[in-house]
Amino acid sequence: MHTKEPTSAISDLALLGLIQLISPALPIGAFAWSQGLESSFELGWVTNEQELYEWLEGVLNDGLTRCELPVLARLQRCWQNHDSDGLAYWNNWIHANRETAELSDEDIRLGLALTRLLASLDLEPKAENGDALMPAEPGYVTMFAWTAHTRHVPVRQTLLGFAWAWLENQLAAACKAMPLGHTAAQRLNEQLRPKLVSAVDTALSLSDEELGPIMPGLALGSAQHETQYSRLFRS
């Protein structure tokens, strides 16, 4: 006989599920992408710790806060409400806002990798279970939202986890390519941690009409990265 788990146990499992989802050990290949950051080093736009802080703060404020984070919240609610039309709309919206082939390819490939991983764990959406239908080409944000939903992670914590994973990946890329020491990376982590909380607060307050990234510098850097002579990260 199945008995309902106590609320505290479900909360603990949700936290552990979120930690697993944002872990660098998750085998979806997120480490292979720099999201234009490698170009910023090559072009001399980011040359030291302070400039990296300013770059990351700008991407967080003008990118994630206005794009991935608010849409992630909408996608998780679509999964909760079995809203297939909403899932398709916001999944396509994310794809339409990827300004370079590199950024679009990253979102699609990570989404496919996460979908395959979930299938191997028997955690993918199933129509026979009453789950909403997946979009034809689900991106990373869409599948991140599903995983958080199926793990019973509250929406706010989902956004915090996504933002943390982004920051960790960006700092790891900087440590490989800048160079940036690991102690400096931890200083940046400490400085930017409160900014992640503020970004989530803002993202949750935005209306649909206020969404859309404003990052011409990152788009230019990402576009140039596709033809950069020597690079460590995918394009």
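Mentor: One convention before we start: axes are lines fitted to C-alpha atoms, for helices over the stretch in contact, and angles run from 0 to 180 degrees between N-to-C directions. Keep in mind too that this is a predicted model.
Trainee: Okay, so at what angle do H4 and helix H5 pack?
Mentor: H4 and helix H5 (residues 84-96) pack at about 160°, and their axes are 9 Å apart. Angles over 145 count as roughly antiparallel, and that makes H4 roughly antiparallel to H5.
Trainee: Which hand does the crossing have as H4 passes H5?
Mentor: The crossing of H4 past H5 is left-handed. On the H4 side the contact is made by Glu 68, Val 71, Arg 74, Leu 75, Cys 78 and Trp 79, while H5 brings in Gly 86, Leu 87, Trp 90, Asn 91, Trp 93 and Ile 94. Sorted by class, this contact of H4 with H5 has eight nonpolar, two polar and two charged residues.
Trainee: And H7 with H8, at what angle do they pack?
Mentor: Helix H7 (residues 140-150) and helix H8 (residues 155-177) have axes 10 Å apart and pack at an angle of about 135°, and the two are therefore oblique to each other. Their crossing is right-handed.
Trainee: Which residues make that contact?
Mentor: From H7 there are Tyr 140, Val 141, Phe 144 and Ala 148, and from H8 there are Thr 158, Gly 161 and Phe 162. The contact of H7 with H8 has no charged residues, the classes being five nonpolar and two polar.
Trainee: What about H3 and H9, how do their axes cross?
Mentor: The axes of helix H3 (residues 49-64) and helix H9 (residues 182-205) cross at roughly 20° and come within 11 Å, which makes H3 roughly parallel to H9. H3 passes H9 in a right-handed crossing. The H3 residues in the contact are Glu 49, Leu 52, Tyr 53, Leu 56, Glu 57 and Leu 60, and they meet Ala 184, Arg 187, Leu 188, Gln 191, Leu 192, Lys 195, Leu 196 and Ala 199 of H9. These residues divide into nine nonpolar, one polar and four charged.
Trainee: Changing topic, how many salt bridges does the structure hold?
Mentor: There are ten salt bridges in the structure. Because Glu 49 lies in helix H3 and Arg 187 in helix H9, the pair ties together parts that are 138 residues apart in sequence.

Terms used. Residues numbered from 1 in each chain as written. Predicted model: local features only at pLDDT ≥ 70, side-chain atom pairs only at ≥ 80, totals over all residues. Heavy atoms only, no water. Helix = DSSP H or I, 4+ residues; strand = E, 2+ residues; numbered from the N terminus. Parallel < 35°, antiparallel > 145°, perpendicular 65-115°, else oblique. Left-handed = near helix turned anticlockwise from the far one by under 90°. Contact = heavy atoms within 4.5 Å. Nonpolar A, V, L, I, M, F, W, Y, C, P; charged D, E, K, R; others polar. Salt bridge = Lys/Arg side-chain N within 4 Å of Asp/Glu carboxyl O.
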